[in-house]
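Dear colleague,

Please find below the structure that I am handing over to you. I should be grateful if you would read the notes after it with the coordinates open.

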Amino acid sequence: MSVKNSESLAPTPEGAATPQADSARPPRVGLFATCLVDLFRPSIGFSAVKLLEKAGCEVHVPIAQTCCGQPAYNSGDRADSRAIAEQVIEAFEAFDYVVAPSGSCAAMLRKHYPGLFSQDGDQQTGWAQRATAFSEKCFELISFLSDVMKVETTGETFKGTVTYHDSCSGLRELQIRDQPRKLLAGIDGLAMTEMKDPDVCCGFGGTFCVKYAEISNAIVSKKVSSIETTGADTLLAGDLGCLMNMAGKLKRSGSAMEVRHVAEVLAGMTEQPPIAGRK
Amino acid sequence: MELSSHKFKEQAGRALGNAQLQKALLNVEKGFVAKRQLAVDALPEFDALRDNARDIKNHVLAHLDLYLEAYEKKVVASGGVVHWAETAEDARRIVLEICRKANARTVTKGKSMITEEIALNDHLTANGIEPVETDLGEYIIQLRGEHPSHIIAPAVHLNKSQVEGDFRRVHTHLREDRDLSEPVSLLGEARDVLRQRYLSADVGITGANFLVAETGSSVIVTNEGNGDLTQTLGKVHIVMASIEKIVPTLEDTAQILRVLARSATGQDMSVYTTFSTGPRRADDPDGPEEYHVVLLDNGRSSMLGTEYQDMLRCIRCGACMNHCPVYHAVGGHAYGSVYPGPMGAVLTPSLNGIEKTGQLPNASTFCGRCESVCPMRIPLPKMMRHWREREFERHLTPAAQRYGLKFWAFFARRPRLYRAAVAVAMPILARFGGSKRRFSHLPLAGGWTRHRDLPAPEGKTFVQQWQQRGHRRSEVAQ
Amino acid sequence: MSAREAILRRIRSATLGPDGRSAGERAGDEQRKAGVRARLETAPRGVIPARGQLPRAERVALFEEMASAASATIARLSSYEEVAAEVSNYLRERNLPAAIRMGEDGRLARVPWAREKTLDVRKGPSEGTDLVGVSHAFAAIAETGSVVLHSGADNPTTLNFLPEHHVVIVDADAIAGDMESVWSALRNETDRENLAGGRSAGGGQDAAKMPRTVNVITGPSRSGDIEQTILLGAHGPRALHLIIVDT
């Protein structure tokens, strides 16, 4: 198994890896852990590493990663968003692929970065081209495994009944809907039960949940009621922000539901207690 | 109506605590979402039609001056009169003048959001002319002295018992034993009362879903037939329309009609789609003697060429609000603006300025459901984000939020410093989380913990652990 | 400066088109004008759903299906000879008085109304007291189950909205697949040049123009404004009865 440690803060030198792997060597994947996974739930990061390696990738974790810039971007702060985007591009552009265990962060990299480099000068400096080239190799973890690495099953086991929430960005910006369901169907012992309106927002919305706490609460209350009605014992989703929001609400209302990132189940790494703990 | 979008948060709070409203709001999802999906699924060409509808409007917006001139020429050729209004005030004045010339005492009105935008009813009333709303929903809210809470279902915030109360209060002819407990009896009562109003009205005012440049026709799309009675029975028909309602041809209208009703109510076609061209002809047995079109700008021409231009493609179907989790939670009145929901969150700052309306484009989770159902493919979240950018540039963003953001960005832009800080902070936070692995209270996180627990971090950060693991591995390898 | 000029000037000075090019780069004004003129003259068709593109028999069947789905009732007759009896029958079945109101449309005159001895046939626009109005459709649209009626000397628009029941006679041959075909037919009837309001040489006051009113009607009147419960018979007719005649 090839695991490399990219501990340097500097970007991988030019030419160290040409993007788009040739078939002779495994694809080099830069794992963009996302700030929430990095800080709150590293086990999702390790699940991602396991899944990527099992799929035949060489995984790197550049240390110069903090956040994708969404908090600034969605607050209208373009200057900071762009500065952070430059930093992410510099740290990751040498890899064949950039993978994030989050639909919303992956969508930020893939769909929104190019727009941050659309000023007139960006063509001359080359930033526009760099951002576009970069965005094209960014993927959300589950869709990367399924659509790019053509993983059919991860061959793990999970005993329990799960329900799956489609996080908004992944669903609507990256069309992630069937991929996680297909891979979950290959997990031995796992039963799936769909909730009502799995595609409706959980009310997280980044800073929205704090800026408009009461509205966010109304939305997540409705979501939690749909989740509990399924009778499932585990809630899964692909975005830690949504998961923390729903887990926090479930625990506050005394629910025994266990909440995990879908990667944990697909990687068979469920030793860690669930998000927000057990009852 | 008086703009109160700056009080959005308080208004939303009251809406969340209003049990009647919360009950009524359940009808939004029940009444619209599944029906739209069924209608869309039954038409394989739906997405291709959306693309074409978008392209048609983009073409019009690129040549709006020419199409407006062409349209005006046809209206005049068919015997109608076109009035241009730069502002709401101009439009009110023009409509009042036409009504006065017709010696109007009462005017009937078809459903028209644009007359809400220019606050026409108040102006007519203040000048001694009685406006009578004839759309059932509009009629109900007029009785209540309210404004529409939804652009196609103006009374969606009400329950039938509230409507019964209003009818008993205002319709003094009603006997006490008359049963009005069900929508069907309420509808019958409104039909009887309004029938008299149509027949006695002097002027009929309608909006327009489309203005067809090719023929000079105005088009209204309704289900009740009230708009048709309004415009057919009055001596004078006034069409209130904004300049971006133009479509080139009848064929183009047919294209957009295919996405309009499906997106709005889940019908393939609304019941009445009516094309009106000029006043009654010399040998017509009925129809209005005069036909006026008031073309309103009110800030729209200034949206052209800006990042908000795409908003001018909007056909007012209401799909964005029907699918919006925020609208579902608080309803339309909380927005404090004529246009609620996602389309209102983009349009209201354009019409009224961002200074007083900044909360609207902020009150979105960016879930993107609005854009995903918009028949005209308007990138609503993107435009809300643009408003947040305008706010940020002009330092209108609340100070606490701004400083919090700058503090966070300071670290996010300095990876070494960030790594050092989180390496210390997260393990401490994890320890405080204890065996429960969550917080029910945490200083500075009140916005989160007021309603939900905050999951505690596991301990060391991912990057920290990765480094340690990586070092171990390299040692083994050596 | 007039409001008209001010608005048009602002539109013209909008520096960016939707394609993001600056005004200077945009096609010259003459070219723009030619483009707009061409679009108005050629009226290109866009995406036509396959649903309505059927041979005659299936097209009529689709029309019946779609109109029924929109809560219209339907009778299909093989000739105008049978129409009066059908109307009488409709009235009887619903316990309605034997009285109708209709326009002077020549196509309606082909119906042997006189054979229905007790049927009171009144002519002209409605003043709101008639229970039943009878019209003849100019065309119909199979794709959506709609009938298309237009105003004219013999076709009062009030008949389409004021009566409680609206009976519309549709020639099976006039059932088009889609709305676009109806526009073509309407242009042929009124002359394409004039439909658009006197574009022909000498233009101006041509008699034949787009009719004052074109009604595309799909089912009877309804409202969902109270608790989103759909109810038939809001302000327009409570019932729409379509009589398809194979001519």
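Predicted model: local features only at pLDDT ≥ 70, side-chain atom pairs only at ≥ 80, totals over all residues.

Residues are numbered from 1 along each chain as its sequence is written, with chains lettered from A and ligands numbered from 1 in the order in which they are written.

Chains B and C

Chain B has 22 helices and 12 strands; here helices (H or I, at least four residues) and strands (E, at least two) are DSSP runs, numbered from the N terminus. The C-alpha trace of chain B spans about 100 × 60 × 45 Å along its principal axes. Of the 478 residues in chain B, 60% are buried. A residue is called buried if 20 or more other C-beta atoms lie within 10 Å of its own, exposed if 12 or fewer, and partly exposed in between, with C-beta atoms placed from the backbone. Among the contacts in chain B with a separation of 6 or more, 74% are between residues 24 or more positions apart. Two residues are in contact if their C-beta atoms, placed from the backbone, lie within 7 Å.

Chain C contains seven helices and 12 strands, and 46% of its 247 residues are buried. For contacts in chain C between residues at least 6 apart in sequence, 68% join residues at least 24 apart.

Interfaces

Two pairs of chains are in contact, and chains B and C share the most contacts. Chains A and C do not touch, their nearest C-alpha atoms being 12 Å apart.

The contact between chains B and C takes 67 residues from chain C and 85 residues from chain B. On the side of chain C that touches chain B, H1(C) gives the most, with eight residues. The residues on that side of chain C divide into 29 nonpolar, 25 polar and 13 charged. In this classification Ala, Val, Leu, Ile, Met, Phe, Trp, Tyr, Cys and Pro count as nonpolar, Asp, Glu, Lys and Arg as charged, and the others, Gly among them, as polar.

The contact between chains A and B takes 61 residues from chain A and 57 residues from chain B. Among the elements that give two or more residues to the side of chain A that touches chain B are helix H1 (35-40), helix H2 (42-54) and helix H4 (78-92) of chain A. That side of chain A comprises 33 nonpolar, 15 polar and 13 charged residues.

Helices H4 and H5 of chain A

H4(A) packs against helix H5 (residues 103-116) of chain A at an angle of about 115 degrees, with the axes 10 Å apart. Axes are lines fitted to C-alpha atoms, for helices over the stretch in contact, and angles run from 0 to 180 degrees between N-to-C directions. In this contact, A:Arg78, A:Ser81, A:Arg82, A:Ala85 and A:Val88 of H4(A) meet A:Leu109, A:Tyr113 and A:Leu116 of H5(A). These residues divide into five nonpolar, one polar and two charged.

H5(A) is largely enclosed by the rest of the structure, because 12 of its 14 residues are buried. The buried residues include A:Leu109, A:Arg110, A:Tyr113 and A:Pro114. A kink of about 35 degrees lies at A:Arg110, shortly before the proline A:Pro114. The bend at a residue is the angle between axes fitted to the seven residues ending there and the seven starting there.

H20(B) (residues 415-433) has a kink of about 25 degrees centred on B:Val422. Its buried residues are B:Tyr418, B:Arg419, B:Val422, B:Met426 and B:Gly433. After H20(B) comes B:Gly434, with a positive phi near 65 degrees.

B:Thr461 is in the loop between strand E12 (454-455) and helix H22 (462-477) of chain B. B:Thr461 is buried, because 25 other C-beta atoms lie within 10 Å. Not counting residues up to four places away in sequence, B:Thr461 touches A:Asp38, A:Leu39, A:Pro42, B:Val422, B:Ala423 and B:Met426. The C-alpha atoms of B:Thr461 and B:Pro427, 34 residues apart along the chain, are separated by 8.0 Å.

With kind regards

Methods:
Expected span 1.5 Å × (residues − 1).
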